[in-house]
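Trainee: I am new to this structure. Could you take me through the terms and the values behind them?
Mentor: Gladly. Here it is.

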Amino acid sequence: CPKRMTLMGGSVLLMGGMGLAALGAGSDGILLVCGLLYEVGMGFGFPVVLALIPDLIPPNLRPKGVALAFFAMDGGWILAPLLVGLLGKGLGLAGAIAPLMGAGLAGGGALWWFGWRPLCRVLEEERRSGT
């Protein structure tokens, strides 16, 4: 199974987990570690997404698929601050960020469990059978 496939779910899990952990950080040192680990997830995850796009899209649809993937990624950067601002009015900053990080944590786990894990199993079986 290509390593970049397995890195994607782990990267999103790490980002979501560290975002939630940062909300409960009791000191500057813990906050620093959470931020550094969040950035490790971002540092692996962003290039992995860019590398997976051409691997998963048929050649005749690649231009449209790449454009759609970039549009979806940019949508997250646009919507996240708007959602935090909207939710923050009623829930406070921590209450607004927690659901977004929780969604990242759940999304990363779901990506690995339902997406990459079965795909890796199929690829391993194909490799063993020689097809």
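Trainee: Which residue just after α3 takes a positive phi?
Mentor: Glycine 130 does, with a phi of about 85°. A word on sources: this is a predicted model, where local features need pLDDT of at least 70, side-chain atom pairs count only at pLDDT 80 or more, and totals for chains, interfaces and linings use all residues. Residues are numbered from 1 along each chain as its sequence is written, and side-chain values use heavy atoms, with hydrogens and water left out.

Trainee: What makes up the secondary structure of the protein chain?
Mentor: There are 3 helices and 0 strands. From the N terminus on, the order is α-α-α. Helices are DSSP runs of H or I with at least four residues, strands are runs of E with at least two, and both are numbered from the N terminus. The C-alpha trace spans about 55 × 30 × 20 Å along its principal axes.

Trainee: How do you know how far α2 reaches against the expected span?
Mentor: The expected span is 1.5 Å times one less than the number of residues. α2 has 29 residues, and 42 Å is expected. Its first and last C-alpha atoms are 41 Å apart, which is close to that value.

Trainee: Where is the kink in α3 centred?
Mentor: On leucine 91, with a kink of about 130°. The bend at a residue is the angle between two fitted axes, one for the seven residues ending there and one for the seven starting there.

Trainee: Why is methionine 8 called buried?
Mentor: Buried means under 20% relative accessible area, exposed means over 50%, and partly exposed lies in between (1.4 Å probe, protein chains only). Methionine 8 has 11% relative accessibility, so it counts as buried. Methionine 8 lies in α1.

Trainee: Why does leucine 32 count as exposed?
Mentor: Its relative accessibility is 54%, so leucine 32 counts as exposed. Leucine 32 is in α2.

Trainee: And what makes alanine 72 exposed?
Mentor: Its relative accessible area is 53%, so alanine 72 is exposed. Alanine 72 belongs to α3.

Trainee: How much of the protein chain counts as buried?
Mentor: Of its 131 residues, 21% do. In α2 they include Cys34, Gly41 and Gly45. In α3, Gly65, Ala96 and Cys120 are among them.

Trainee: What makes a set of residues a nonpolar core?
Mentor: The members are buried Ala, Val, Leu, Ile, Met, Phe, Trp, Tyr and Cys residues, joined through side-chain atoms within 4.5 Å. The largest such core has 9 residues: Met8, Val48, Val49, Leu52, Ile53, Ile57, Ala69, Met73 and Trp116. α2 gives the most, with 4 residues.

Trainee: How much space lies in the largest pocket?
Mentor: About 880 Å³. A pocket is an open set of points on a 1 Å grid where a 1.4 Å probe fits, with protein on both sides within 12 Å along at least five of seven lines. Lining residues have an atom within 4 Å of a point. The volume is the space filled by probe spheres set on the points.

Trainee: Which residues are closest to the centre of the largest pocket?
Mentor: Of the 24 lining residues, they are Met15, Tyr38, Met42, Gly76 and Trp77. α3 supplies the largest share of the lining, 15 residues.
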